[in-house]
Amino acid sequence: MPLLHLQHFLIQTADLAGTVRWYEEVLGLRQGPHPDFKFPVAWLYLGDTDVLHLTEGGAGVSENRMRYLGQQSTETHGSGVIDHVAFRATGLADMIAHLKARGIAFTQRQVSAQGLFQLFLIDPNGVKVELNFENAEAEGIPPELMASELPS
């Protein structure tokens, strides 16, 4: 169940277009492809790697976002805007067994368009952690929700 590398972090914002523009103009990130989650997102890239995910935050987020990602904070300013930190990982079955053995709650999601099977869990400080595995590791492990199943 090794972690391979830090994959991305997600910031929730009240001004998605303005935040994208800022990261493009100030830091040189570029907007690139992302799965259709059926809620507003933007993925920003360094070279060929997506490193920053942005989505609308606040009190009025879409039901699809709440269903897929959940939301601990309605903040759109300050450190409360960071929704989660994500790691690429291997050993999905071992990780699930490891989490269950320790009584750690998690949710199972799948983004079929990107080939990811995801586990979401909460650290002792209330920070959401996303673990991303190749879909091939999920053979026989059903997700609780697939991004493609969210209503348009």
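A residue counts as buried when its relative accessible area is under 20%. That cut-off matters for strand 6, which covers residues 106–111. This is a predicted model.

**Strand 6 and its neighbours**

- Five of the six residues of strand 6 are buried, so the rest of the structure largely encloses this strand.
- Strand 6 pairs with strand 7, and the two run antiparallel.
- Six bridges join strand 6 to strand 7.
- Look at Phe106 for an example: its bridge partner in strand 7 is Leu121.
- Strand 6 also pairs with strand 9, which consists of residues 145–146.
- Here the pairing is parallel, over two bridges.
- Arg109 has Leu145 as its bridge partner in strand 9.

**The cavity**

- How many cavities of 30 Å³ or more does a search of the whole structure find? The search finds one.
- The largest cavity has a volume of about 140 Å³.
- Its lining is made up of 18 residues.
- Phe37, Trp43, His53, Gln118 and Glu130 are the lining residues that lie nearest the centre of the largest cavity.

**What lines the cavity**

- Strand 1 (3–13), strand 3 (41–46) and strand 4 (49–56) are among the strands that each supply at least two lining residues.
- Strand 7 (116–122) and strand 8 (128–134) also each supply at least two.
- By class, the lining of the largest cavity holds nine nonpolar, seven polar and two charged residues.

Definitions and conventions. Residues numbered from 1 in each chain as written. Predicted model: local features only at pLDDT ≥ 70, side-chain atom pairs only at ≥ 80, totals over all residues. Heavy atoms only, no water. 1 Å grid on protein atoms, 1.4 Å probe; cavity = no way out; pocket = protein on both sides within 12 Å on 5 of 7 lines; lining within 4 Å. Points joined across faces, edges and corners; volume = space filled by probe spheres on them. Helix = DSSP H or I, 4+ residues; strand = E, 2+ residues; numbered from the N terminus. Nonpolar A, V, L, I, M, F, W, Y, C, P; charged D, E, K, R; others polar. Buried < 20%, exposed > 50% of the residue type's maximum accessible area, 1.4 Å probe, protein only. Pairing = 2+ DSSP bridges.
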